[in-house]
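This report covers a ligand site and the domains around it. The sequence and structure come first.

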Amino acid sequence: MRMVAVLAAVALLAASGCGADHDDTPPPATVEVFTWWAEGGEKAGLDALITQFGTDCRGQRFENGAVAGGAGVNAKQALTERMIRHDPPDTFQAHAGAELLDYIDAGQVADLTGYYADWGLRDVLPAGLIDDLTVRGKIYSVPANIHRANVVWTNPAVLAAAGITAPPEDLHAFIEDLARLKAAGVEAPLALGRDWTQLMLLEAVLITDLGADRFAGLFTGATDWTSAPVAEAIGDFVTLLGYGNLDRDALDWPQAERLLIDGKAGYQLMGDWAAADLTAKGFPGYGWFTFPGNGNTFQWLADSFTLSTGAANLGGTECWLKTVGSAAGQQVFNQAKGSIPARTDVPATGFSPYQQSAMTDWKSAVQVPSCAHGSGCSQAWQSAVNAALRAYSTAPDPKTLQGALAQAATRFIRS
Ligand code: GAL
């Protein structure tokens, strides 16, 4: 795209008789930022960061390269195509952890270790997160936030109408509450969306049934995907699917969330970008609880920004990354995005009650990664698991699903 624009500009200069010798005007300093934050609370977060970038990086223009679609399912594909054409954006969103490793191994992102020293980031980011970001002694991205994946969002009015006034204590009680809603006339009490959102639900159930350690072991090879506890978790997952909307595979997460807002569902399992989105969509009265049985497990993921190898505007991109990593940038971005700052020195004032509770939990919780959002699984692994879930919708056989999940782990686990 940019190449086309440059060629057009050269053609224009040639036609007008102006060569570079006669025109010293520097080209516009534009930083193309590639994300999947295109609407609702996600766009609100990005917009806040753009405003901060405008203040911090005078003379630089923000170019929005966003490709819509929850969890970046479309964006990641579009990015791959651009990488193949050697036309990368200046910077792109990538999850800290396994997913980032794909880009590092392909040589598509630059080493940012020196910036961490220049900007003092090692002193203000949690040591565990720095560890997760460090690959062979180097760091390749700047985290903007910490999101929590294992949260259930509620429509309190729908629950109250069925006599449900407190969060369920465990998975069994949750299933009872779902049945109660169904008996009260709520046809699909659990709002469900497409493949990757189902993976989030499955992961939450696995945390409950296996416990945090064994769950984390699923992504390192320490826990066997063919084991009986995984089969049991798949059984519970299937039970939960039975309380969801049948058109789940056709809905992205905001459309499933719409069922909750409109009172057609009582619950939705979703990451805490939902907190910002529910507010942005005029539903600030939502309730929430950690997925039943997850205890004090915080399933984390972090949006981070990279410097593409060969970025067209190096100086402007450095300034963008500095803003992303700054206290002011993280404050405005996260307040609008629903996540919490990755930095530890941003005050909690101005954050929503949900976010303040997440900030407290993050400090004391047991942390586990997310496969759906790249902290635990590579992109190839995510794609294989998502395909297995789509296949389950067409031909619902739990054993086949478990087999496909186990096969994906065998193929894609990194030693
Ligand atoms: C995640 C991302 C979040 C949010 C979510 C839904 O992968 O980390 O920031 O955008 O997808 O699209």
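The model is predicted: local features need pLDDT of at least 70, side-chain atom pairs count only at pLDDT 80 or more, and totals for chains, interfaces and linings use all residues. Residues are numbered from 1 along each chain as its sequence is written, and side-chain values use heavy atoms, with hydrogens and water left out.

An N or O atom in the side chain of His-95 is 2.7 Å from an oxygen atom of the ligand. A polar backbone atom of Ala-71 lies 2.9 Å from a ligand oxygen atom, and for a polar side-chain atom of His-147 the distance to a ligand oxygen atom is 3.4 Å. The protein buries 100% of the 300 Å² that the ligand exposes when taken alone (Shrake-Rupley method, 1.4 Å probe).

## Shell around the ligand

There are 13 residues around the ligand (a heavy atom within 4 Å of it). Glu-42, His-95, Asp-303, Lys-337 and His-373 come nearest. The shell divides into six nonpolar, four polar and three charged residues, with Gly counted as polar.

## Domains

The protein chain is divided into domain 1 (29-146 + 301-360) and domain 2 (148-300 + 373-412), with bounds from an automatic or database domain assignment. Their C-alpha centres lie 26 Å apart. The contact (heavy atoms within 4.5 Å) takes 30 residues from domain 1 and 29 residues from domain 2. Each domain supplies at least three residues to the shell around the ligand.

Definitions and conventions
A polar contact is a pair of N or O atoms within 3.5 Å; within protein, one must be able to donate a hydrogen and the other to accept it, and residues adjacent in sequence count only if both atoms are side-chain atoms.
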